[in-house]
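This report describes selected features of one protein model. Please examine the sequence and the structure shown below before reading on.

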Amino acid sequence: MAFFPTPEQEEVIEGELGSQCVIACPGSGKTVTAVRRLLKVRRDLGTARSYVALLSYSNVAVETFQRVYDELTRDVPGLSRRVLIETVDSFLTAYILRSHGARAMGARRQPFLVNGSEAFLAGFRIFDGKYPREIRYLSVSITDDSTFEYSIRQDSTVVKVDEKAASAAIKKLAAVGAYTHELGRYWALMTLIEEPKLLDALARRFPHIIVDEAQDVGSLHGILLDALASAGSTISLIGDPNQAIYEFAGADGSFLRNFKGTSGAKLYSLTQNRRSIGGIVDVANLVAGTTATAVRTPGERRYGAYYLKYDHKNVGASLGLFEAVLATSGYDHHEAAILCRGRPYVAKLTGATCDAGTGSTEYFAQAAVMRDRSGNVGAAFEHTVSGVIRLLDAPPAGLRSEIVTNAEGADAKAIRRLIWRFLRDSDRGLPSATLKAKTQWHPKLKPRVENLLSSIEGATSQKRLSSWSNNLTTRDLLDAPLWEADLASTAMSSVRVDTVHKAKGESIRVVMYLARNEDANALVQGTDTEDGRIGYVAVTRAKDLLILGIPATAKAPVITAIEGKGFKAWES
């Protein structure tokens, strides 16, 4: 493939085999740079039997890296295939937890991941003297003085929990071999602490590790990377601290920001934004205090950065406003996206009922919406599995994990096949999300789930709970469709509506950031806060046209501040 690196990119790609810290502005070609750096390191290592790892924080990024690397190396003779491209958590799972974690965890079986919906987790709540806390929301971090801190992070709130209570619950869950995503990182670290020979072996096997999206490195991952570096691995980071939008998970960009000073890595910068036109880059620079330069020139269609007022009491009407923007500017719906700070606005714009039902009903409702609104059958399948597991009588602790990971166990295979059949048939299986939830959808759901449970009992050793129907009630269901098909069938249904977090890393021709008053305030105040960085990420997704949607109630000082960041009032 044709690729002509900029001088900045070439410096990174062709640098010596040492640690690098690459601060990359949005749209700077980070993907192509990281992949070519990976190829350069692999070539320089020659026939060495060790591996070079390129790790990232999303499956989408990993798939992109793998595709580009395969294209680059398809016709390269004699190149060693010892390269690993994976997510950070998959790396920890494959090389630490799955093979060695059971010893540190005190488990008698291979460790397995839980997603938090498993019914058996009710027996592993954290009691801190006041309330029982769900272990699926438990977060573990490490302070500057190397002590563990435990907190419950739920719905943007953080509550610290007692160390003794949290530690007891973690160990109790570990004894059955289970871990959450957060606790997987904790146990990976504990395994390496208890088995330093394993750490040395990992460093020998992976002497060079490149971490993409390194602004997302939290405290536990940071300690793990430091440990690998101390054992001999050369660690390189690439990312943008201004795009650290997972502070709720302990990742605020500080590890990347401080990496050069703590590791002695050579500092590089990628400052050419090849995604966005000049007006949008100017806004991003004013928001973040950066000096990126724009490379792309505008096309013939309308371009730039604007603000547009909407009625916050009728959020759905903003769809029509955005449709008018696209029509008058000459853009198609498939080129555009509306991005929101959180899921409630997404739900209002797409017609999806948020948090419908309780117990297993809630999981089946989420599955129906996922299947029928967005066609995301993978997510719908996982929600359906969670709903079914909660209706079984004392299922094995690892059964859900076995079902969703295509394990070969006889029960898991049979249940997997039956659930897929149930999910794919809206006439005889999971009812359509367009039905009225309480009076139409649920009356169809209950007998069909009963048939599914009968099929599972006939094909496996699993049995339903005698009180299964109590977990499949109409509680918290409204007499309205789970998914408002009438809204989605309008001309705007083809415009993507999503959260900013879901769009991270993407390039979108036209973006409307639909902000609340507090979101707009955070954006103009800069990237020192997570809310400000979320706004910055939304702004920097746009290639040609950026619309900042602000409530009609926005005060004059806020509008003045918005204009001070380079936005202009939208005029049709």
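## A buried residue in a loop

E213 counts as buried because its relative accessibility is 13%; buried means under 20% relative accessible area, exposed over 50%, and partly exposed in between, with a 1.4 Å probe and protein chains only. The loop that holds E213 runs between strand 11 (208–211) and helix 8. Helices (H or I, at least four residues) and strands (E, at least two) are DSSP runs, numbered from the N terminus. Phi of E213 is near 50 degrees, a positive value in a residue other than glycine.

## Basis of the model

The model is predicted, so local features need pLDDT of at least 70 and side-chain atom pairs count only at pLDDT 80 or more, while totals for chains, interfaces and linings use all residues. Residues are numbered from 1 along each chain as its sequence is written, and side-chain values use heavy atoms, with hydrogens and water left out.

## Helix 8 and its partners

The axes of helix 6 (residues 181–194) and helix 8 (residues 219–230) come within 9 Å and cross at roughly 25 degrees. Axes are lines fitted to C-alpha atoms, for helices over the stretch in contact, and angles run from 0 to 180 degrees between N-to-C directions. Helix 6 is therefore roughly parallel to helix 8; angles under 35 degrees count as roughly parallel, over 145 as roughly antiparallel, 65 to 115 as roughly perpendicular and the rest as oblique. In their contact (heavy atoms within 4.5 Å), helix 6 contributes E182, R185, Y186, A188, L189 and L192, and helix 8 contributes L220, H221, I223 and L224.

Helix 4 (residues 88–105) also approaches helix 8: their axes come within 12 Å and cross at roughly 60 degrees. Helix 4 is therefore oblique to helix 8. This contact joins V88, D89, F91 and L92 of helix 4 to H221, L224 and L228 of helix 8.

## Two nonpolar cores

A nonpolar core is a set of buried Ala, Val, Leu, Ile, Met, Phe, Trp, Tyr and Cys residues joined through side-chain atoms within 4.5 Å. The largest has 61 residues, of which I135, L138, L183, W187, F206 and L237 touch the most other members. Helix 4 gives the most to this core, with 9 residues. Leaving aside residues up to four places away in sequence, F206 touches Y51, A53, L84, F91, Y95 and S233. A second, separate core has 35 residues, including A356, L392, I456 and L477.
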